[in-house]
Amino acid sequence: MAVHDDCKLKFLELKAKRTYRFIVYKIEEKQKQVIVEKLGEPAESYEDFAACMPADECRYAVYDFDFVTAESCQKSRIFFIAWSPDTAKVRSKMIYASSKDRFKRELDGIQVELQATDPTEMDLDVFKSRTS
């Protein structure tokens, strides 16, 4: 599975310049490559991000999560989400699962990885619990 250059470039912009709040990636099966499907502006919320995850299709996503530590320090963590809903086609789930590690290696700077099969597995409480 190839990775479109844009995937890495947009990730670097998110990581270094915080140009985006999130990036949603999609595998184009015909071209056999991962492409950028949606870029979330810095002002967009977690709800905007969650709404981008299709109910019955797999996706990869990166989310820049801001939080405040117990010591009142403002921090952020870059999450990689492998979204694979139970209702997605088996073939699609297999393609996403088998391509995930290679794709993730292309994105240098991922701090936390989440696997999610339904929205509750990637809600804000899960993000918060994985920051410590």
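# Sheet, cores and pocket of a predicted model

Q: How do strand 5 and strand 6 pair, and over how many bridges?
A: Strand 5 and strand 6 run parallel to each other and are joined by five bridges. The structure is a predicted model.

Q: Which residue stands opposite tryptophan 83?
A: Tryptophan 83 faces alanine 116, a residue of strand 6.

Q: Which way do the side chains of strand 6 point?
A: They alternate along the strand.

Q: Changing topic: how many residues are in the largest nonpolar core?
A: That core has 20 residues. Those with the most contacts inside it are Tyr25, Val34, Tyr60, Val62, Phe80, Phe103 and Leu107. Helix 1 (5–17), strand 2 (22–28), strand 4 (59–68), strand 5 (74–83) and helix 3 (90–106) each supply at least two residues of this core. There is also a second, separate core of 18 residues, which includes Tyr46, Phe79, Met122 and Phe127.

Q: What does valine 62 touch?
A: Leaving aside residues up to four places away in sequence, valine 62 touches Phe11, Leu14, Arg21, Phe22, Ile23, Tyr25, Ile78, Phe79, Phe80, Leu107 and Ile110.

Q: Arg21 is in that list. Is arginine 21 buried or exposed?
A: Arginine 21 has a relative accessibility of 15% and therefore counts as buried, the cut-off being under 20%. The residue lies in the loop between helix 1 and strand 2.

Q: What surrounds arginine 21?
A: Apart from residues up to four places away in sequence, arginine 21 touches Leu14, Gly40, Glu41, Pro42, Glu44, Val62, Tyr63, Asp64 and Asp66.

Q: Where is serine 99, and is it buried or exposed?
A: Serine 99 is part of helix 3, and with a relative accessible area of 9% this residue is buried. Its contacts, not counting residues up to four places away in sequence, are Met1, Ile27 and Tyr60.

Q: Now the pocket: what is the volume of the largest pocket?
A: The largest pocket holds about 260 Å³ of space.

Q: Which residues line it?
A: The lining of the largest pocket consists of Lys26, Ile27, Glu29, Asp56, Glu57, Cys58, Arg59, Lys89, Ser92, Ile95 and Tyr96. Strand 2 and helix 3 are the elements that give two or more residues to this lining. Helix 3 gives the most, with three residues.

Q: Which residues other than glycine have a positive phi?
A: Among them are lysine 32, with phi of about 55°, and serine 72, with phi near 65°. Lysine 32 is in the loop between strand 2 and strand 3, while serine 72 is in the loop between strand 4 and strand 5.

Q: Are these two buried or exposed?
A: Lysine 32 counts as exposed at 53% relative accessibility. Serine 72 is exposed as well, with a relative accessible area of 60%.

Q: What about threonine 131: where does it lie?
A: Threonine 131 lies in the segment after helix 4 (124–129) and counts as buried at 10% relative accessibility. Threonine 131 touches Phe65, Phe67, Arg77 and Phe79, with residues up to four places away in sequence left out.

Q: Which domain does UniProt annotate?
A: The unreviewed UniProt entry annotates an ADF-H domain covering residues 1–132. Over residues 1–132 the chain is 32% helix and 32% strand, and the end C-alpha atoms are 33 Å apart.

Notes: Residues are numbered from 1 along each chain as its sequence is written. This is a predicted model: local features need pLDDT of at least 70, side-chain atom pairs count only at pLDDT 80 or more; totals for chains, interfaces and linings use all residues. Side-chain values use heavy atoms; hydrogens and water are left out. A nonpolar core is a set of buried Ala, Val, Leu, Ile, Met, Phe, Trp, Tyr and Cys residues joined through side-chain atoms within 4.5 Å. Buried means under 20% relative accessible area, exposed over 50%, partly exposed in between (1.4 Å probe, protein chains only). Helices (H or I, at least four residues) and strands (E, at least two) are DSSP runs, numbered from the N terminus. Contact means heavy atoms within 4.5 Å. UniProt positions are given in the numbering used here, feature names are shortened, and annotations may be inferred rather than shown by experiment. On a 1 Å grid over the protein atoms alone, a cavity is a set of points where a 1.4 Å probe fits but cannot get out, and a pocket is an open set with protein on both sides within 12 Å along at least five of seven lines; lining residues have an atom within 4 Å of a point. Grid points are joined across faces, edges and corners, and a volume is the space filled by probe spheres set on the points. Two strands pair if DSSP finds at least two bridges between them.
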